[in-house]
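The structure is shown below.

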Amino acid sequence: MGVLVLLGIRLFTPASALAWMSDPARDFVTLSISVIIESLPFVFLGIVLSSLVQVWLPEGFLLRRLPKNPALRRFTVSLLGVLLPVCECGNVPLARGLIMNGLTVADSMTFLFAAPIINPITIVTTYQAFGWSDGILVSRIIGGLLIANLVGFIYSRHPAPDTLLTPGFQATCAAEEHVSRAHKPRRTFTLFARESSAMMPALFVGAGIAGLIQVAVSRNVLVALGSNPLWSVLALMILAFVVAICSNVDAFFILSFGSTFLPGGIVAFLIFGPMIDVKMLALMRTTFTARTLIQVSVLIAVCAAAIGLAVNLVF
């Protein structure tokens, strides 16, 4: 209902109806609603696909087809996002299920961090937002694959991978697996409702923050940060962590910063956000220990910053 109200406001409200607002307030409302309206179709498509994949894909279908070589298997797993087009909100349950079905912890982590970037919805929305300009799309895809496979390689060398997981992980996965095998239509609807309730607040908050930053922060400050090769990267990584917006729509969110920030900062935002943000850390904490998440967060942050700086040097 709230979405329909916003759509109605955008389509049928004359410009004169907002004349009573100050210019910054009017800009804030216009920008925020625009981001929401542009993003909603892709959010709902991602939720539908996520629900269908989790409930209706045959058990063990993917695992039986993976290569036996560890490095090749991890690389193949990092590409599964093409077949499992869900954003980060739905990837944690999928990663837990992969571990329960015999995939190693390292392989599951490779999938978890690559899938939000490699999934076709994210690729399409990134292309629609930026096209081929400044290597943003290519850098996002290649950077996401490199980081995910590096994380998988490092943790494949861990002497006791079970210690990376929380004590209650096995019981939680067993309960979810039991529920998903029965009453598939009802389970599909339940997943759709749950993921919608998780992603819609993030989208609304993200859109509001985008509008607020544009009208509340001094343009000179943004230009000073955005034109610096290092600070543009760090500033947008922090923004990605706090906003925690879905990877299916983050390209639309950051598009409004395209004229202010260097391409490397945008690339760092588009890589770091889907892998590590406030929302993802909360979801991953159900599966991985706090120590593991701290280590992974630092590793991914350093890699994303390095890729962003490299893009700034090239473009």
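## Aromatic pairs

Rings of Phe, Tyr and Trp, the last taken by its six-membered ring, are counted as a pair if their centres lie within 6.5 Å; planes under 30 degrees apart make the pair stacked, planes over 60 make it edge-to-face, and the rest are tilted. In this predicted model, that rule gives a count of four aromatic pairs. One of them joins Y127 and W132, whose ring centres are 5.7 Å apart and whose planes stand at 65°, so the pair is edge-to-face. Y127 is partly exposed, with a relative accessible area of 41%, while W132 counts as exposed at 61% relative accessibility.

The rings of F253 and F257 have centres 6.0 Å apart and planes at 40°, so this pair is tilted. F253 is buried, with a relative accessible area of 0%, and F257 is buried as well, with a relative accessible area of 2%. Both residues belong to one aromatic cluster, which is formed by F253, F257, F261 and F269.

Helix α3 spans residues 70-78, and within the helix R73, R74, V77 and S78 are buried. These residues cover an arc of only 135° around the axis, which puts them on the same side of α3. An α-helix has 3.6 residues a turn, so residues three or four places apart point the same way.

The buried residues of α3 pack against α5 (105-118) and α7 (136-156). At the start of α3, a side-chain oxygen of N69 comes to within 3.1 Å of the backbone nitrogen of A71.

Technical notes
Residues numbered from 1 in each chain as written. Predicted model: local features only at pLDDT ≥ 70, side-chain atom pairs only at ≥ 80, totals over all residues. Heavy atoms only, no water. Buried < 20%, exposed > 50% of the residue type's maximum accessible area, 1.4 Å probe, protein only. Helix = DSSP H or I, 4+ residues; strand = E, 2+ residues; numbered from the N terminus. Arc of directions from axis to C-beta. Contact = heavy atoms within 4.5 Å. Polar contact = N/O pair within 3.5 Å; in protein donor to acceptor, adjacent residues only side chain to side chain.
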